[in-house]
Amino acid sequence: MSTHRPQGHAMAKGASPRSIFCEMLGRMGGPSNGTSGPMQWVDADHNFFCGSIVGSGSCYANGFALSLKRQKKGHICACFFGDGASSTGASHEGMNLASVWKLPLLFVCENNQYGQATPMKNYCNVDRLSQRAAGYGIPGVSVDGMDVMAVAEVAAEAIERIRNGNGPCLIEAVTYRFKGHYIGDPLNYRTKEEVERWQKKDPLIQCRKNLVENWGYTDAQLKAVEEEIAQQIARDEAWALEQPKPTLEYAISNVMVPVAGRKA
Amino acid sequence: MEKREITFKEAIREALQEEMKRDESVIIMGIDVGVWGNLYGFTRGFVDTFGRDRVMDTPISEAAIAGCGCGAAASGLRPVIEIMYIDFISIAMDQIINHGAKWHQLSGGKVKVPMVLITNGGVGLRNSSQHSQSFENWFVNVPGLVTVMPSSPYDAKGLLKASIRDDNPVIFIYPKGVLNDKMAVPVEDYLIPLGVADVKRAGSDVSIVATGWMVDHALSAAQELNREGIECEVIDPRTLYPLDEESIARSVHKTGRCMVVTEAPAAGGWSGEVASVVMEHCFVSLKKPVLRLAGIRTGIPYDKDLERQVVPGVKDIIKGVKSLLG
């Protein structure tokens, strides 16, 4: 279960850049064939749901996790939400239910420290959102969300714990939102200095540095990979821009499964 | 077909029991569905028969219950989730309308959400203004949802079974007023198709379209009017969306006069929807405008007599029929 900013999660779950471009651009070939756009597509082929009502996923994630638990294959459901979303009723109801039913659910709070334009201290009375896990009797851990290796380590531990039937966990990954909440956001609620300070911690920059310093990669090697990826993404984008938009007929179809032969 | 007399409550219970026996993917979730067997005994004994894995007591968390139902339905189960009173459904609305109702379309038809949300509405048990409302119009207004309202034990059992077997999210609203109604109901497995109305009483003078408890009142009114030589046709849509427009139109073309009776108030209500449909299909046949007999636009009061007075009664229907014939 992903958020209103699902692109990264979608790729991690296996969606191709082409399908994501298509959806973002409102074209056929996206998981919702362009009828969703950026924020609420359903990628059935990759068991991937997202939504633009922040916090809601924490409730419906329980249903998917319940099915997975009953299937007994050790699969889990991961539910992502932001720090702002953690204030919603749905966020609390969802974590509570999962904790009581011991569902295989990993809650991941991507704390970029602003709920839209409101800084965390103005909507949350605890220092770390992971503290809330104690209220549900589940493990909660905070991690530097800008450190790829640290996040991977914490996630692996939590996932193992969940797969072993111990119930849900909460991970709070502390990060930062470089751009505004939306394109055109006046950004009058934070300083340029703060943004620049966090930009230095960009996980891509840190990761790159780590690969060179600790894993023996050369700058030239990494540049070659980055160039190849950039070209592939450019090709994917160009391809997506050539795809047709959905017709009105398509856009209004599939509202319901036919009921006794009656129109939807 | 072998029949025996059972109450509305027992009919609901039988429907749930039969569907749970028939299909292992059918599970029930809600507040006190296991330990209490539901407020009205719908699931009494079910934990012993089906186990706690399929009859699941939830915390008091309507959003989580509804959300869990939507997610479970979208991933292979056929959950029946209970929202104890329709008045609480507002807490669950986001999960139902923004998510569960939309996934089939957003997935290009790949994901199905075969969830039944069972809830009660209307007056009759002195539950007052926060436990006695009628919100069926909210759901009729949401693309993706089926909305069903049974009026009798026979309808309740067949419609609930059909709702559970349907692949859409179905909002199943049972009225409080008919919980103890008794009727002959088949022992054998039977379904009532969704989207099909039922002419409960044939007549040539007036078409009365009634829902839920109002069907009982309409039939009582029809019986009294019959003694005066007035023949009322009583139609129970059973499914509010998708509506069986053809059956209603057929009736109004025959009678030329139509009344819609609901507990819910008129303004913005489903009764206006029916009036529009009748106007569209039967304008040439109508001898009078469609009459909406609806609940008074007020909070439902606590007193036993007052709560009945704010929704249409038999006398109101008789008066309404005579005004259509006058």
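This is a predicted model: local features need pLDDT of at least 70, side-chain atom pairs count only at pLDDT 80 or more; totals for chains, interfaces and linings use all residues.

## An exposed isoleucine and other loop residues

B:Ile60 counts as exposed, because its relative accessibility is 70%, and the cut-off for that word is over 50%. B:Ile60 lies in the loop between β3 and α3 of chain B, and although B:Ile60 and B:Ile31 are 29 residues apart along the chain, their C-alpha atoms are separated by 6.3 Å.

Most residues other than glycine have a negative phi, and most peptide bonds are trans. A:Lys72, which is not a glycine, has a positive phi near 55 degrees, and its place is the loop between α3 (57-71) and β3 of chain A. B:Arg238 is likewise not a glycine, and its phi is positive at about 65 degrees; this residue sits in the loop between β11 (232-236) and β12 of chain B.

Are these residues buried or exposed? A:Lys72 is exposed, because its relative accessible area is 73%, whereas B:Arg238 counts as buried, because its relative accessibility is 7% and buried means under 20%. The accessibility values are set out in the table.

| Residue | Relative accessibility | Class |
|---|---|---|
| B:Ile60 | 70% | exposed |
| A:Lys72 | 73% | exposed |
| B:Arg238 | 7% | buried |

A further backbone feature belongs to chain B, where the peptide bond joining B:Tyr241 and B:Pro242 is cis, with an omega of about -5 degrees. B:Pro242 is found in the loop between β12 and α9 (245-255) of chain B.

## The sheet of chain A

In chain A, four strands form an open sheet in the order β3-β4-β8-β7, and their pairing is parallel. The edge strands of this sheet are β3 (77-82) and β7 (140-144) of chain A, each of which pairs on one side only. On average, neighbouring strands of the sheet are turned by 20 degrees against each other, with direction ignored.

Strand β4 of chain A, residues 105-111, pairs with β8 of chain A, residues 169-174, in the parallel sense over six bridges; within this pairing, A:Phe107 has A:Leu170 of β8(A) as its bridge partner. Helix α6 of chain A, residues 148-163, packs on the sheet and touches β4, β7 and β8 of chain A, and its direction makes about 170 degrees with that of β8(A).

The strand β4(A) also pairs with β3(A), again in the parallel sense and over six bridges, and here A:Leu105 of β4(A) is the bridge partner of A:Cys77. Six of the seven residues of β4(A) are buried, so this strand is largely enclosed by the rest of the structure.

## The sheet and a helix of chain B

Chain B has an open sheet of seven strands in the order β3-β2-β4-β5-β7-β6-β12, and the pairing in it is mixed. Its edge strands are β3 (55-57) and β12 (239-241) of chain B, each pairing on one side only, and the twist from one strand to the next averages 20 degrees. Within this chain, strand β5 (residues 116-121) and strand β7 (residues 170-175) run parallel and are joined by six bridges, and B:Leu117 has B:Ile171 of β7(B) as its bridge partner.

Among the buried residues of α8(B) are B:Trp213, B:Met214, B:His217 and B:Leu225.

## Cores and the contact between the chains

Which residues have the most contacts inside the largest nonpolar core? They are B:Trp103 and B:Ile208, in a core of 150 residues. Helix α3 of chain B, residues 62-73, gives the most to this core, with eight residues. Leaving aside residues up to four places away in sequence, B:Trp103 touches residues of both chains, including A:Val42, A:Phe49, B:Cys70 and B:Val113. A second, separate core has 11 residues, among them A:Val154, A:Ala158, A:Ile162 and A:Ile171.

The contact between the chains takes 51 residues from chain B and 39 residues from chain A. Together the chains bury about 3500 Å² between them, with 62% of this on carbon and sulfur atoms. On the side of chain B, the residues that lose the most area to chain A are B:Trp103, B:Gln105 and B:Leu106, which together account for 17% of what that side buries.

Technical notes: Residues are numbered from 1 along each chain as its sequence is written. Chains are lettered from A and ligands numbered from 1 in the order in which they are written. Side-chain values use heavy atoms; hydrogens and water are left out. Buried means under 20% relative accessible area, exposed over 50%, partly exposed in between (1.4 Å probe, protein chains only). Helices (H or I, at least four residues) and strands (E, at least two) are DSSP runs, numbered from the N terminus. Two strands pair if DSSP finds at least two bridges between them. Axes are lines fitted to C-alpha atoms, for helices over the stretch in contact, and angles run from 0 to 180 degrees between N-to-C directions. Contact means heavy atoms within 4.5 Å. A nonpolar core is a set of buried Ala, Val, Leu, Ile, Met, Phe, Trp, Tyr and Cys residues joined through side-chain atoms within 4.5 Å. Buried area is the accessible area (1.4 Å probe) that two parts lose on being put together, summed over both.
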